[in-house]
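I open this notebook to record, entry by entry, what I looked up in the structure shown below.

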Amino acid sequence: MRVPLPQHHARKAGLTPIGYARYSGLRLREMPLAFSAMHAIAPPALTAALRWRYATKSFDPAKKIPQDVFDGLLDALVLTPSSFGIQPWKFIVVQDPALRAELQPASWNQPQVTEASHFIVLAAREAIATAQVDAWIAHIAKARGVSEDSLAEYRGRMAGFLAAMDDEQKFAWASRQTYIALGQLMTSAALLGVDSCPLEGISPPAYDAALGLAGSGYRTVVACALGYRSAGDKYALVPKSRFDHTQVVEYR
Ligand SMILES: Cc1cc2nc3c(=O)[nH]c(=O)nc-3n(C[C@H](O)[C@H](O)[C@H](O)COP(=O)(O)O)c2cc1C
């Protein structure tokens with residue numbers, strides 16, 4: 001199925017009509033191959049999108065993210081870089097209203113859980129074992145058309161890195177990778193004109209129970225609500241508060 005990039009999203013992303021024409025008709029998954037520096041958005045467009053986004057407290061339940069846009073957000077998650085490329089995560093899209101209602105009390109009763117168009121739980125691997133390293137090596141070998149033996153040194157480095165950690169340290173490491181996915185998701189959402197709210201105000205054990213994650217090898221880390229802000233969300237108008245560059249950026 002070919003999914004054209006909606007023109008208004010292309011405009012929001014700062015693509016020129018030429019850039020858009022080149023993108024349209026391409027499958028989302030083919031786009032990275034078609035991308036070149038020529039199509040990069042201008043820095044002011046990036047800053048504007050990042051200033052526009054805010055942790056949305058109130059979503060308009062009637063406004064749903066179109067499927068092609070949501071597919072783009074899923075691509076953003078799946079394309080997240082991770083240490084060794086091992087992708088120690090699972091992204092659980094929770095669309096069942098009953099399940100969302102069950103998660104809400106486990107989320108400080110935050111309304112975003114039930115009101116947002118889409119709700120994603122980001123879970124991390126509990127304890128990455130040799131089997132996962134081997135599966136990853138097999139995957140790379142197939143994707144690159146090389147032998148697994150040719151990746152033996154890489155496999156050894158990965159296995160050695162993981163062997164130096166106990167299970168809790170491995171989960172903490174996998175969780176850090178998962179936060180990169182959260183960041184990439186929120187930035188991508190802003191560029192596509194989609195509102196988001198990251199949610200750490202949740203009970204991961206209660207989420208694990210509701211989602212039946214026991215024994216799956218994954219545990220809940222954080223969640224993200226996605227959709228469109230409601231007209232009455234006063235937080236949309238709160239001025240952005242960030243430290244100045246001079247306070248957080250250093251040159252050496
Ligand atoms: C990892 C993480 C977890 C967060 N958890 C929540 C949350 O549970 N509920 C909420 O309303 N906001 C949550 N926030 C939003 C932050 O409070 C917000 O990003 C911060 O105050 C900066 O404001 P802004 O994102 O609107 O610019 C979270 C943010 C991050 C990065």
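**Entry: the core.** I looked up the largest nonpolar core, which has 48 residues, and noted that those with the most contacts inside it are L122, A123, A189, A223, C224, A225 and L226. By a nonpolar core I mean a set of buried Ala, Val, Leu, Ile, Met, Phe, Trp, Tyr and Cys residues joined through C-beta atoms within 7 Å. At least two residues of this core come from each of α5, β2 (118-125), α8 (130-144), α9 (152-163), α10 (167-191), β3 (195-199), α11 (204-211) and β4 (218-227), and α10 gives the largest share, ten residues. I count a residue as buried if 20 or more other C-beta atoms lie within 10 Å of its own, as exposed if 12 or fewer do, and as partly exposed in between, with C-beta atoms placed from the backbone. As a general note, nonpolar side chains tend to be buried together in soluble globular proteins.

**Entry: what kind of model this is.** The model is predicted, and local features need pLDDT of at least 70, side-chain atom pairs count only at pLDDT 80 or more, while totals for chains, interfaces and linings use all residues. Residues are numbered from 1 along each chain as its sequence is written. The mean pLDDT (the predictor's confidence in each residue, from 0 to 100) is 89 for the protein chain, and 87% of its residues reach 70 or more. Over residues 1-28, however, the pLDDT is below 50, and this stretch has 40 contacts in the model beyond near neighbours in sequence; a contact requires the C-beta atoms of two residues, placed from the backbone, to lie within 7 Å.

**Entry: the chain as a whole.** I find twelve helices and four strands in the protein chain, taken as DSSP runs (helices H or I, at least four residues; strands E, at least two) and numbered from the N terminus. Of its 252 residues, 30% count as buried.

**Entry: the strands.** I then asked how many residues of β2 are buried. The answer is eight of its eight residues. Strand β1 (residues 89-93) runs antiparallel to β2 and is joined to it by five bridges, with I92 opposite V121. β2 is also antiparallel to β4, with eight bridges between them, and there A124 has R219 as its bridge partner. I treat two strands as paired if DSSP finds at least two bridges between them.

C224, listed among the core residues with the most contacts, touches I120, L122, L182, L185, M186, S196, C197, P198 and L199, when residues up to four places away in sequence are not counted.

**Entry: helix α5.** I checked the length of α5 (residues 67-78): at 1.5 Å a residue its twelve residues should span 16 Å, and its end C-alpha atoms are 16 Å apart, which agrees. The expected span is 1.5 Å times one less than the number of residues. Its buried residues are V69, G72 and L73. Seen down the axis of α5, they fall within an arc of 95°, so they line one face of the helix; the arc is that of the directions from the helix axis to the C-beta atoms.

Entry: D60 is partly exposed because 18 other C-beta atoms lie within 10 Å, and its contacts, leaving aside neighbours within four places in sequence, are G227, Y228, R229 and S230. S58 also counts as partly exposed, with 19 C-beta neighbours inside 10 Å.
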